[in-house]
Amino acid sequence: MRGTSAALQPPADATAPVRHPEAPAPGELLGAHYEQCFGCGGDQPHGLHLEATAGEGVSLTAEFTVKPAHQGAPGLAHGGVLASALDETLGSLNWLLRTIAVTGRLETDFVRPVPVDTVLYLQAEVTAVAGRKIYATATGRVDAPDGPLAVRADALFLEVKVDHFIDNGRQEEIQAAMNDPDQDRRVRAFEVNP
């Protein structure tokens, strides 16, 4: 890793990540885990609408288009929005592990400005697992999947139980998700928290 903090360095006893046998197949679109999610949900008018595709091993690719609602400085993506895109992408990796996890730490490097109307191409992979800790890294490039590097991040995710969401989420949304007649959507709403 490139100068990341000690908290993002996997311990010596960390193991290589193992893709869950029921994880989406390489090339499969992951879809939104929850339609109201700012990162991936289709029902968020100013959300990122990020679309992630499963890769080989415990990796994925994703992309989103920077819209005018995502700008900070005139004509440029807001840094917090770019960090959100990285967090969403990194969190989506947990779907490949079939693990419920939340972001514990996210370190982001902003390498170059990202203009409005640019497609940001993201790549992410889990690098190690140690107990409840999941270590991952991601990059974001402009113009093409192999275009100029714009942003990168390293993250630590912590495995949690579904009670984490039920106990801490706003009850109106929790109940609506739990009452969804579509069992797959109901389970997925709580399965991943990118």
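## Salt bridges and a strand-end threonine

Glu107 pairs with Arg105 in a salt bridge, with 3.1 Å between the closest N and O atoms. Keep in mind that we're working with a predicted model.

**Exercise 1.** Work out how many salt bridges the structure holds, and which residue Asp109 pairs with.

*Solution.* Start with the total: there are two salt bridges. Next, take Asp109: its salt bridge partner is Arg152, and the closest N and O atoms are 3.3 Å apart. Now place both ends: Asp109 sits in strand 3 (residues 101-110) and Arg152 in strand 6 (residues 149-159), so this pair ties together parts that are 43 residues apart in sequence.

**Exercise 2.** Decide whether Arg105, Asp109 and Arg152 are buried, partly exposed or exposed.

*Solution.* You'll need the cut-offs here: buried is under 20% relative accessible area, exposed is over 50%, and partly exposed is in between. Arg105 comes in at 36%, so call it partly exposed. Asp109 has 28%, which makes it partly exposed. Arg152, at 26%, is partly exposed too.

**Exercise 3.** Describe where Thr65 lies and which residues it touches, leaving out those up to four places away in sequence.

*Solution.* First, find the element: Thr65 belongs to strand 2 (residues 59-65). Then check its surface: with 26% relative accessibility, Thr65 counts as partly exposed. Now list the contacts: with residues up to four places away in sequence set aside, Thr65 touches His70, Asp117, Thr118 and Val119. Finally, zoom in on one of these: Asp117 is 52 residues from Thr65 in sequence, yet their C-alpha atoms are 6.0 Å apart in space.

Notes
Residues are numbered from 1 along each chain as its sequence is written. This is a predicted model: local features need pLDDT of at least 70, side-chain atom pairs count only at pLDDT 80 or more; totals for chains, interfaces and linings use all residues. Side-chain values use heavy atoms; hydrogens and water are left out. A salt bridge is a side-chain nitrogen of Lys or Arg within 4 Å of a carboxyl oxygen of Asp or Glu. Buried means under 20% relative accessible area, exposed over 50%, partly exposed in between (1.4 Å probe, protein chains only). Helices (H or I, at least four residues) and strands (E, at least two) are DSSP runs, numbered from the N terminus. Contact means heavy atoms within 4.5 Å.
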